[in-house]
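Thanks for joining, everyone. I would like to take a few minutes to walk through one model, so please have a look at it before I start.

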Amino acid sequence: MTQTLTIARPDDWHLHLRDGAMLEAVLPESARHFARAIVMPNLVPPVVTGAQATAYRDRILEALPADMAFEPLMTLYLTENTDPQDVAAAHASGLVRAVKLYPAGATTNSASGVRDFDKVRPVLEKMADIGLPLCVHGEVTDHQIDIFDREAVFIDRVLDPIRRATPGLRVVMEHITTANGVEYVKSNPTDLGATITTHHLIINRNHILVGGIKPHYYCLPVAKREEHRLALRAAATSGDGRFFLGTDSAPHTDPNKESACGCAGCFTATNTMALLAHVFEEENALDQLEAFASKNGPGFYRLPVNTAQLTLQKHESPVTFPAKIATGEGDVTVFDPGFAVHWSVLG
Ligand code: DOR
Ligand code: ZN
C-alpha cells in the first residue's frame, strides 16, 4: 500500500533567495513546495529601507514563473542607522513582516550589522510597540569565543539583555543549533519563537569534519555535537508551537563553497520537505510534521495557515534528487543528507 501524507501547504520562515540570475534559478525550488517565505535581506548592499524592500519584492515577483504561486514576506536588515519611522511605515503597509538582526561580522554579508546594541534601541522599542518581530542571527562575534559556543554565549550576553530591556518585543531565534537555544525558548513562555533548519536536524559537526572536510555541510551557525542535534529533533517533532521550520536554504556556487575559504550555507530548498518527512518518520512523529512546517510559523507571525495543501508520498525504492541546480552564476550543489530518502512531494 502506498503511504501518503497530506498537510497544509508549508511556509519557509527563513530563506535566502539572493538576487539576479541566482534568484531566478533558486526561486522555483522554493515556490514549488512553499506558499510563503520570510526572505532574508542580506543582499549586497543589504535591504535596509522600506523602499529597498519594495524593490526587492518586485524583483522576486518578476522572477517567479507564471504558473507558480508564492508570497515573499519581506524583512529589513537592521543597521545602527535604521529609522524607526521607516520601519513602522513598512510594517503598517503590510510590506514588511520582520526585521533581521545580524551582529556585525557574524555571517555572509553581515558587515553592515549591529555593533552597538544601544544604537538600535529606538527601533526595537518601536517594534515592540507595533508587534513587529525581530529575527535574530544568534551568535556573538567576539574572537575570544569558540565558534561552537557562540550561540550559547549570545543568549546570555546579548539576547536575554535585549529582551529584558524591551518588554513586549517579539523575537525569533533563527536557525537554533543547540540544546541551550531550545531550553531558552522553552523557558520563556511569551514573545519568543525559534526556527530550525532541515540540515541541523540531519548533520552534526562530525559530518562536516570526519573523513575529509565537507564544504557543502558548512553553514552558520555551524552544526554542533550530536546531543544538540538530538535536542533540535526533539523540539521540532514535539508539536510545541514555538518551534517552526526555517530552512535557511542559502545558495552559493560550487567554486565559492569548494574553496580554501568557503562560504557558509546549505542549499536545501529542493529536497527539504522530503528530508523532513524522513526525519519525522524516524522520530515516529509524522503526525507533527504539519505543525512544524505549516502551522506553528503562521501562529507565531499571526498569519492564516495556508488553505492549499501538499502531499508527500513514500516509495519502496529510494528517490533521487538533482545533485546540482544550474544557475546563471554557476552550479549550486543541493544538500545531500548522506542516506537514502524514500519520500517525495507529489505533483
Ligand atoms: O550558513 C549561512 N548562510 N548562515 C547565514 O547566516 C547566512 C547564510 C548566507 O547568506 O549564505
Ligand atoms: Zn540565514
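Predicted model: local features only at pLDDT ≥ 70, side-chain atom pairs only at ≥ 80, totals over all residues.

Residues are numbered from 1 along each chain as its sequence is written, chains are lettered from A and ligands numbered from 1 in the order in which they are written, and side-chain values use heavy atoms, with hydrogens and water left out.

Let me begin with ligand 1, which is surrounded by 13 residues, where near means that a heavy atom of the residue lies within 4 Å. The closest of these are Arg-18, Asn-42, Leu-220, His-252 and Ala-264. By class, this shell holds 4 nonpolar, 7 polar and 2 charged residues, with Ala, Val, Leu, Ile, Met, Phe, Trp, Tyr, Cys and Pro counted as nonpolar, Asp, Glu, Lys and Arg as charged, and the others, Gly among them, as polar.

Which polar backbone atom lies 2.8 Å from a nitrogen atom of ligand 1? That atom belongs to Leu-220, whereas an oxygen atom of the ligand is 3.3 Å from a polar backbone atom of Gly-265; a polar contact here is a pair of N or O atoms within 3.5 Å. The protein covers 99% of the 290 Å² of accessible area that ligand 1 has on its own, by the Shrake-Rupley method with a 1.4 Å probe.

His-14, in strand E2 (residues 12-15), and Asp-248, in the loop between strand E9 (243-245) and helix H9 (254-257), are 234 residues apart, with strands (E, at least two residues) and helices (H or I, at least four) taken as DSSP runs numbered from the N terminus.

Finally, the backbone: cis peptide bonds join Val-44 to Pro-45, with omega about -5°, and Leu-220 to Pro-221, also with omega about -5°. Asp-191 has a positive phi, near 65°, in a residue other than glycine.

Technical notes
Polar contact = N/O pair within 3.5 Å; in protein donor to acceptor, adjacent residues only side chain to side chain.
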